[in-house]
Amino acid sequence: MNDYEVLRVIEFLEQTREPFRKGMALTDDQPIWNITLFLMKSEIRGQTVTVSALAGVTGIPYATSMRLITRMVDAGMIARVPRGKDGKGHVLHPGPEMRGSFRNYARGIKALLARTVGLRGSSEDEEQYYFGGTPLASRPMPPSKLVERRASEALDIRFLLNDDNYFSSMRNMWVDLRSNLASSRDFSLRRLPDLYAEILANAQRPVSSYDVITVNIPWLGELAEQGLLRPVDDMVASKVLEVADFHSVIRSTAEWRKRTYGIPVYCTIGILSARRDLFEQRNIAFPKTFDEVIDAGRRFHQPEQGMYGAVWDGAPGMPIASSFLFFLGACGSPPISLRHGSGGYTSEGMDLSTLVPLVDTDAGRATLDFMQRLLEISPPNALSLAWDQNLSLFLSGSAAMAYCWTMRASRMEYDVQSTVKRRVEYLPQPSGPGGGRVSPIGGFLLAIPANLPEERVEIAAEAIAWMTSEDSMRAHVRNGFPVAPRFSTSADPEAAAGSPIVRFVDGLVKRNLLTTWQRPNIPCYTQIERVLGREIHAALSGGKSHAAALSDASAAIAEVLRQPTVGADRLPVPAQ
């Protein structure tokens with residue numbers, strides 16, 4: 001049971017207990033109840049609790065409150081922890097026994113509600129469903145066929161999803177105790193490298209273990225070329241699946257060789273997030289170039305005080321390879337010799353065998369030089385950090401800037417433990433030498449495995465249609481997830497008003513600042529990524545000179561490009 005569910009249980013209990021308290025004023029356990037709920041809520045939200053603050057919520061006289069709190073401290077129910085370096089003050093936390101007992105109580109309440117409201121069987125494990133925070137009236141209604149088949153046939157729809165906050169929310173919508181559409185065992189959430197490996201493993205099975213899978217956008221060419229995905233052009237033509245409302249650049253991420261292999265479920269944009277309050281305090285302009293990023297970062301970088309100029313994805317493998325490709329794009333160059341068209345670079349219509357690497361170039365050298373300078377304003381272990389680790393540093397107020405994805409950046413505004421709410425400026429990626437301020441698109445497609453039995457294809461398509469519908473996306477945006485791949489979603493005044501990131505991304509779209517060519521979805525993309533993940537990390541960690549790393553990377557990528565398309569059974573798994 002996660003922290004968000006515990007908070008929902010607490011809110012539910014507070015609302016139901018209030019009428020009882022008013023009608024039965026003489027309740028001896030009321031002060032302990034108030035103390036427990038206040039401590040548990042504060043612990044989850046990361047809020048500091050002093051003795052005087054806790055005494056103020058008990059509902060009894062101050063002196064009596066202090067005696068009660070002292071007894072609970074002595075009994076171990078409340079933990080008293082020194083505050084600050086001098087240790088003169090103290091803060092209060094729920095003790096281990098209080099935490100364990102309350103979570104067990106919350107789980108019991110959740111199970112009771114599920115059996116009462118969700119009509120679940122008493123034998124079902126409460127961890128298989130979710131006590132959600134989305135009001136019932138605001139949740140999109142699933143297609144009636146899904147509901148009917150779930151009820152009449154005990155039909156389970158199986159999903160393979162990326163392990164992030166968006167897909168966790170999507171799973172929760174399906175397994176909400178009020179919906180009866182699914183249980184959590186129907187969902188397998190995997191971190192990116194493991195997701196890739198499982199897609200390949202699933203393709204080798206006689207029958208797919210999943211009805212619907214998520215595909216990272218740059219993997220599409222590889223998976224489609226190998227015949228691992230079912231084309232959905234017929235479902236698009238029959239309007240079972242709708243794509244007309246998507247931004248054209250987003251819609252193109254689902255296409256390979258003029259065929260459609262999935263539906264975009266969300267897009268996420270690579271951006272620079274900056275602490276607006278810190279920049280305003282020092283009257284520093286937000287950075288627009290590589291040099292300005294470094295100059296600003298040096299102003300804020302105080303590692304001895306736990307404050308860093310910037311955080312970014314520097315861990316070996318996929319994280320640092322993506323960072324290099326995005327910074328290379330900011331210098332105006334793709335990693336390979338794509339054809340330049342009116343909308344940027346494209347591989348469409350090209351003979352892929354004629355491509356050559358573009359990493360050992362002036363743009364590549366400028367990129368690696370920037371990353372080396374970026375280390376000077378980063379945490380000392382920057383080359384082992386990525387994704388949620390960096391985001392946690394920024395959320396806790398330990399960094400002035402963060403290169404991140406908008407989907408993760410949504411936690412800055414909505415995470416219960418974020419200390420930077422409403423203090424963040426979202427910026428297009430600053431430009432490098434010879435480049436512009438374009439921002440790379442990432443995200444996922446929902447696709448149907450090629451080895452899914454024909455009799456399950458219709459139900460898989462219906463699930464995809466609902467998960468990518470306008471109503472579903474609008475619900476997710478209103479709950480803090482800036483997906484916005486549909487025109488109708490980003491144009492919704494309520495959605496835009498509730499999310500600064502939605503407004504920001506919509507502005508990038510209108511200024512044509514979103515691109516996909518930094519990570520081209522050609523069949524050998526993951527092999528190129530693996531090469532860069534190894535060589536760029538070696539250069540920045542001191543294992544190789546910059547010149548040697550770029551030369552070796554170029555030679556290895558050239559060899560990859562000369563090879564025929566690799567069979568699915570021999571596709572390499574990208575390093576983490």
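In the predicted model, 22 salt bridges are present. One of them joins the side chains of glutamate 14 and lysine 41, with an N to O distance of 2.8 Å. Because glutamate 14 belongs to helix 1 (residues 3-23) and lysine 41 to helix 2 (residues 30-45), this pair ties together parts that are 27 residues apart in sequence. Glutamate 14 is partly exposed, at a relative accessible area of 30%, whereas lysine 41 is buried at 17%.

A further salt bridge links glutamate 225 with arginine 257, whose closest N and O atoms are 3.0 Å apart. Glutamate 225 is located in helix 9 (residues 220-225) and arginine 257 in the loop between strand 6 (255-256) and strand 7 (259-260), so the contact connects parts 32 residues apart in sequence. Arginine 257 is exposed, with 54% relative accessibility, while glutamate 225 is partly exposed at 31%. Arginine 259 and aspartate 233 likewise form a salt bridge (3.2 Å, N to O); the former lies in strand 7 and the latter in helix 10 (residues 233-237), so parts 26 residues apart in sequence are tied together.

Strand 5 (residues 212-216) is mostly covered, with five of its five residues buried. Strand 5 runs parallel to strand 3 (residues 159-162), to which two bridges join it; phenylalanine 159 has valine 212 as its bridge partner. Four bridges connect strand 5 to strand 14 (residues 439-447) in an antiparallel arrangement, in which valine 215 stands opposite leucine 445.

Key: Residues numbered from 1 in each chain as written. Predicted model: local features only at pLDDT ≥ 70, side-chain atom pairs only at ≥ 80, totals over all residues. Heavy atoms only, no water. Buried < 20%, exposed > 50% of the residue type's maximum accessible area, 1.4 Å probe, protein only. Pairing = 2+ DSSP bridges. Salt bridge = Lys/Arg side-chain N within 4 Å of Asp/Glu carboxyl O.
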